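Here are my notes on the model, as numbered points. Please read them with the structure open.

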Amino acid sequence: MTGILAAVVSLGGFALAAGIVLAIGHKVFRVEGDPMVEKIDALLPQTQCGQCGYPGCKPYAEAVARGEADVNHCVPGGERTMRQIADLMGVEPKPLEEEPAAPMVAFIREDECIGCTLCIKACPVDAIVGAPKQYHTVIADHCTGCTLCVEPCPVDCIDMLVKPELIEHWSWPLPNTDRARLGLARREAHADGT
Amino acid sequence: MGLKRIWHRLSGGVGGFHGGVDVPQNKRTADRPIEQLPLSPVLIVPVKQHIGEACAPLVKVGDYVRRGQKIAQAEGYLAAPVHAPAAGKVVKIEEHRIIHPSGLGLPCIFIEPDGSDAAETLTPWPDWAERDPGELRERVRMCGIVGLGGAVFPTFIKLVRDQHHPIETIILNGVECEPYLTTDHRLMVEQADEIVAGLAVLRYMVGAREAVVAIEDNKPDAIEAVRAALARAKLTHARVVGLPTRYPQGSEKQLIETITGRQVPAGRLPMHVGVLCQNVATARAVYRAVCHGEPLTERVITVSGDAVPNPGNVRVPFGTPVRFLLAERGLTDIDEVCVIHGGPMMGEYLRSVDVPVAKASNGLLAFHSERVFSLRQQEQPCIRCGHCGEVCPVNLVPNLLADHCRNDAFERAEQYQLFDCIECGCCSYVCPASIPLVHYFRYGKGQLAKIRRAEQFAEESRMRSEARERRLEREKQKKAARRQRAKQLARKTDDAGGAD
């Protein structure tokens with residue numbers, strides 16, 4: 001009898017002590033917000049384009065972290081970003097719905113600009129400068145190519161141009177050998193099959 | 001490490017490096033004296049001929065320029081200005097294809113030489129020893145001097161007296177380990193005195209005590225000539241070292257290891273082990289700039305290969321079209337010919353010969369296509385023989401690296417020190433499965449650079465986006481506060497009105 005009592009008391013005591021430690025730990029080491037959101041957000045290309053159906057990269061990251069959104073909605077991120085998010089979330093990769101387009105920049109035809117500032121308000125990264133009734137212009141180096149400024153323009157003076165390839169940013173292509181091509185074809189087949 | 005260093009001292013300072021290959025030398029132009037190339041009808045001068053930022057043109061179409069006049073000005077720090085290679089008229093400034101594996105172009109200044117030798121030089125400073133090293137450094141910078149071994153890194157950047165990293169040894173690189181090339185060889189034989197004078201200037205600028213001229217032992221005449229020039233100049237603590245012929249002995253970090261026994265750590269510079277390494281042609285250019293006030297406007301190029309009827313070493317003004325240069329050496333029909341810029345190990349295949357010669361051009365090799373392409377085998381699976389790792393001068397594992405690059409596992413490749421690869425081509429040379437290893441590494445490096453750029457851009461965009469959100473939030477609060485105040489004011493006036 002005393003044996004059973006001793007076991008109950010000691011185990012109960014341990015459980016209580018562990019509970020107290022855990023409760024304190026929960027209070028002391030509490031992390032504000034969801035660390036998963038930050039991690040996913042860090043993988044996204046930050047174009048803030050909204051092609052995923054969410055108003056920006058952060059909201060999409062939050063939706064993925066909550067399990068509401070699939071991992072394959074980021075169009076500019078492409079295959080690579082999708083795989084990284086899938087790895088992080090521990091889910092199977094899914095094929096992309098849209099192929100990423102070539103990187104673009106917005107360009108304002110200044111002669112036609114009426115200075116309405118609507119594009120400035122639409123730009124998610126503050127890459128357009130200008131003032132009311134003055135020409136606006138895009139800082140090409142800061143533009144993410146999200147196209148959000150095109151829609152609000154009342155005179156349609158914004159073009160999306162393909163970003164020119166700089167000789168400094170050129171990189172060697174994959175060697176044109178059968179084995180290199182075979183590897184590429186296999187990877188593509190694999191990506192389509194998932 | 002200490003023992004290793006002592007061993008290096010005991011063995012005469014020549015210990016070699018890991019790996020490397022013995023390649024057929026084919027130095028067929030070794031006994032051909034340097035000839036001056038006639039001026040081409042038009043010179044196409046790219047505004048960027050160095051590693052770093054492009055220069056901005058200083059001249060307009062229609063301007064008359066004299067030889068040595070600065071025609072493009074460096075804007076950033078890491079840049080070297082460009083000078084007119086000949087006197088003549090600027091006929092146009094527009095984008096033109098340059099020597100680059102991409103086949104892309106850069107703005108080029110087109111000059112039509114008029115044949116006069118109107119030249120513009122700076123004041124010669126034969127009294128350089130009484131001048132401040134900083135002043136000399138500025139002269140080297142203004143004369144557009146870059147590393148002429150092929151890397152074209154602006155020379156003045158290396159010429160600093162850093163109290164944390166004092167330069168003890170200055171090494172002049174006259175190794176020229178690439179097969180076929182004989183430009184440095186001929187320069188050492190013919191201009192040894194100017195090279196030694198350049199060495200003295202460089203040594204004074206960095207305050208080094210010891211000076212070494214490194215030459216491979218397949219060039220005994222060059223060793224002899226430089227040794228005699230050193231004796232004539234009465235330089236103290238200066239010597240010529242004959243090194244065993246082994247590719248890539250002329251690679252900067254390998255050469256430093258051979259001469260001093262010190263390895264330059266990954267991601268560090270020769271400066272961090274107390275060494276300054278310069279090519280012999282660069283040393284001569286420094287001498288011409290300081291003692292004669294001449295900017296860099298021409299260089300020596302080896303034209304060789306089995307398709308060239310009249311191979312040789314020629315002094316070529318920058319901007320000379322490759323087609324003109326080959327025609328001058330008797331090669332006019334280039335249909336069935338493969339032209340390589342640089343040496344056969346590290347050089348690149350030229351897709352077009354309508355490109356101008358630039359500061360980086362140390363050789364042009366033309367081979368009959370059927371000969372080159374019959375040697376190019378199709379890539380086969382790796383048989384894990386390990387030869388590539390044995391010959392790698394930086395102790396990498398090329399077969400695994402190539403696998404990672406082929407499978408787009410670039411982060412893995414980076415963990416295997418992809419960026420330490422010097423692209424010497426030893427692994428590709430020995431691979432029995434004909435795997436284009438170096439090509440895979442270049443692909444991997446380029447893709448990694450792209451990924452890094454995208455990450456950085458994303459980070460900047462995030463910061464801008466967050467700053468914008470904070471600003472919008474602030475504005476919203478301000479607006480709300482204003483509305484609140486207006487409401488209170490209205491209520492107050494209402495109350496006042498009610499009391500009346």
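1. Salt bridges overall. This is a predicted model, and over all chains the count comes to 37 salt bridges. A salt bridge here is a side-chain nitrogen of Lys or Arg within 4 Å of a carboxyl oxygen of Asp or Glu. In chain A, Lys58(A) and Glu38(A) form one of them, at 3.7 Å from N to O. Lys58(A) belongs to helix H3 (residues 57–66) of chain A and Glu38(A) to helix H2 (residues 35–43) of chain A, so the pair ties together parts 20 residues apart in sequence. Helices (H or I, at least four residues) and strands (E, at least two) are DSSP runs, numbered from the N terminus.

2. Ground rules. Residues are numbered from 1 along each chain as its sequence is written, while chains are lettered from A and ligands numbered from 1 in the order in which they are written. In this predicted model, local features need pLDDT of at least 70, side-chain atom pairs count only at pLDDT 80 or more, and totals for chains, interfaces and linings use all residues; side-chain values use heavy atoms, with hydrogens and water left out.

3. Confidence in chain A. pLDDT is the predictor's confidence in each residue, from 0 to 100. The mean for chain A is 88, and 98% of its residues reach 70 or more. Among the elements of chain A, helix H6 (residues 178–193) has the lowest mean pLDDT, 78. Strand E3 (residues 137–138) of chain A has the highest, 94.

4. Extent of the contact. Chain B puts 34 residues into the contact and chain A puts in 33. Contact means heavy atoms within 4.5 Å. The area buried between chain B and chain A is about 3,200 Å², and carbon and sulfur atoms give 55% of it. Three arginines stand out: Arg462(B), Arg464(B) and Arg468(B) supply 18% of the area that chain B buries against chain A, more than any other three residues. Buried area is the accessible area (1.4 Å probe) that two parts lose on being put together, summed over both.

5. Which element gives the most to the side of chain B that touches chain A? H14(B) does, with 17 residues. By class, that side of chain B has 11 nonpolar, 11 polar and 12 charged residues. Here Ala, Val, Leu, Ile, Met, Phe, Trp, Tyr, Cys and Pro count as nonpolar, Asp, Glu, Lys and Arg as charged, and the others, Gly among them, as polar.

6. Six-stranded sheet, chain B. This open sheet runs E1-E14-E13-E17-E15-E16, with mixed pairing. Strand E1 (34–36) and strand E16 (348–349) of chain B are at the edges with a single partner strand each, so one side of each has no neighbour in the sheet. Two strands pair if DSSP finds at least two bridges between them. E1(B) pairs with strand E14 (residues 312–317) of chain B in the parallel sense over 3 bridges. Ile34(B) stands opposite Asn313(B) in E14(B).

7. Four-stranded sheet, chain B. The order is E2-E8-E7-E4, the sheet is open and the pairing antiparallel. Strand E7 (residues 88–97) of chain B pairs with E8(B) over 9 bridges. Arg97(B) stands opposite Gly105(B), and Lys92(B) opposite Phe110(B). E4(B) and E7(B) pair over 2 bridges, with Val65(B) opposite Gly88(B).
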